[in-house]
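Here is a friendly briefing to read with the structure open beside you. Take one topic at a time, and look up each residue as you meet it.

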Amino acid sequence: MHKTGQQKETTLRIDVSNKDALMELLKFIYGMKLPPTIVASIPSLLGILMVADKYDVPSCVRYCTSLVLSDMNLNTASYCLEFSSKVLASQAIKPIAKAAQKFLVARYEENVPKLQEEVDQLPLSSLELVLCEDELNLMEDDAYDIVLKWARARYPGMDDRHEVLKSNLSRFVRMRYMTNKKLREVFQCEDLDCATASELVIDALFFKVENPPLPTPAPTSKELPGHPVRVVEFRKPSKKANVYLELKRSDCQKLSLNGMIMSQAFYVHGQAFHIVAQRYLEEMQTFGIFLRCVLDGTPTTVKVDFEFQIRERMTGTFVSKFKSSYDFTSKYPLGRGSKNLCGMSWASFIGNDSPYFTNDVLHLKVYISIKLE
């Protein structure tokens, strides 16, 4: 006689907090797709992505990531950044968080004050990532005003507002680089408790005393007033800055052949520069732009990495057009740049359908990094 073997049931317990996401992951494994209701829900996609990452299903991670990135908008970006701040250990969410940050920075790069009501709706994590981005064209005094308005909108209670500003203001705004006039406002601001305001202002003032700005050379008689620029230094003390130059279409149209528009002198780590825009003629007429280093004639070498970017009218974002590493010397101080920045004829560049003039204004950005010896 043969005894019938007894079958033993085994229960596999899977520790997962999101049971619905796990079930959708199992469906994906067998069908390689997700239902439309899930695809349309960013929270659901992120939940499934996290479960797929946990159980090592890279195809599902890629699938969910592509769906989220294809639907990047203000709400999606804000949600993704807030979500990523809660799962810092996950590598799978980082490409999405980076794309969300890039989206918000591009959106607010030039328009934070104009979009204050929209900024007021951003969660704390999103606001921090936007304001801490070096690409943001924003001075510290303006950043302080934006954070203050955001705190008033998000935290109507004075005690809550005191707490959030005490914990985050110094991370959002480089108080040490604010003007003395604005620091006086900080000291008198009722939205900050007295102890916090005093600590921030005193720290900023001590920093200014101990780290005076590099002397700015007085312009020589040969340096004529030029087109205004705006210099935004990087958050971390360094020899780096973004320089913004705006040119009206009418000013460019007035350029004669080989004529030029020179910016006012600006300074990065005490070194003077000009940006020179030119209507250039070689094989055809083009728009050229150059970086010129101002040297006094003594034997000197200034090593610079720089990049010219131009804002596209359709996307509103800056795109890189020219990069260079160059050693400016007293023997060869002339400008370095591109004779045809946009890769098109002058007529196409200056025409009404030009992809680079927004409301008849050309927006240029120059990244400058002076190399350390």
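A residue is called buried when its relative accessible area is under 20%, exposed when it is over 50%, and partly exposed in between. Keep in mind that this is a predicted model.

- Is Gln 116 buried or exposed? Its relative accessibility is 11%, so Gln 116 counts as buried.
- You will find Gln 116 in helix H7, which covers residues 116-119.
- The side chain of Gln 116 makes a polar contact of 2.7 Å with the side chain of Asp 120.
- Leaving aside residues up to four places away in sequence, Gln 116 touches Ile 146, Lys 149 and Trp 150.
- Now try Ser 198, in helix H12 (residues 194-210). Its relative accessibility is 24%, so Ser 198 counts as partly exposed.
- Ser 198 and Gln 188 are ten residues apart in sequence, and their C-alpha atoms are 9.3 Å apart in space.

**Helix H1 and its two sides**

- Helix H1 (residues 19-31) has 13 residues, and from first C-alpha to last it reaches 18 Å, close to the 18 Å expected at 1.5 Å a residue.
- Which residues of H1 are buried? They are Ala 21, Leu 22, Glu 24, Leu 25 and Phe 28.
- Why do they share a side of H1? Around the axis they cover an arc of only 160°, and so they sit on the same side of the helix.
- These buried residues pack against helix H2 (36-39), H3 and H4.
- Lys 19, Asp 20 and Tyr 30 are exposed on the other side of H1.
- Just after H1 comes Met 32, with a positive phi of about 60°.

**Helix H6 and what covers it**

- Helix H6 (residues 94-108) has 15 residues and reaches 21 Å from its first C-alpha to its last, close to the 21 Å expected at 1.5 Å a residue.
- The buried residues in H6 are Ile 96, Ala 97, Ala 100, Leu 104, Val 105 and Tyr 108.
- Looking down the axis of H6, you see these buried residues within an arc of 165°, so they line one face of the helix.
- The face of H6 turned away from the buried side carries the exposed residues Lys 98 and Lys 102.
- The cover over the buried residues of H6 includes H3, helix H4 (58-70), helix H5 (74-84), H7 and helix H8 (124-131).

**The nonpolar cores**

- In soluble globular proteins, nonpolar side chains tend to be buried together.
- The largest nonpolar core here has 60 residues, and Tyr 144, Leu 169 and Val 173 have the most contacts inside it.
- Helix H3 (residues 42-54) gives the most to this core, with eight residues.
- Apart from this core lies another of 37 residues, among them Phe 306, Phe 322, Trp 346 and Ile 370.

**Strand S6 and its partners**

- Strand S6 (residues 285-293) is mostly covered, with seven of its nine residues buried.
- S6 pairs with strand S5 (residues 271-281) in the antiparallel sense over nine bridges. A hairpin joins S5 to S6 through three residues.
- Phe 273 stands opposite Cys 293 in S6.
- Strand S9 (residues 336-338) runs antiparallel to S6, and three bridges join them. Leu 291 stands opposite Arg 336 in S9.

Notes. Residues numbered from 1 in each chain as written. Predicted model: local features only at pLDDT ≥ 70, side-chain atom pairs only at ≥ 80, totals over all residues. Heavy atoms only, no water. Helix = DSSP H or I, 4+ residues; strand = E, 2+ residues; numbered from the N terminus. Buried < 20%, exposed > 50% of the residue type's maximum accessible area, 1.4 Å probe, protein only. Polar contact = N/O pair within 3.5 Å; in protein donor to acceptor, adjacent residues only side chain to side chain. Contact = heavy atoms within 4.5 Å. Pairing = 2+ DSSP bridges. Core = buried A, V, L, I, M, F, W, Y, C linked by side-chain atoms within 4.5 Å. Expected span 1.5 Å × (residues − 1). Arc of directions from axis to C-beta.
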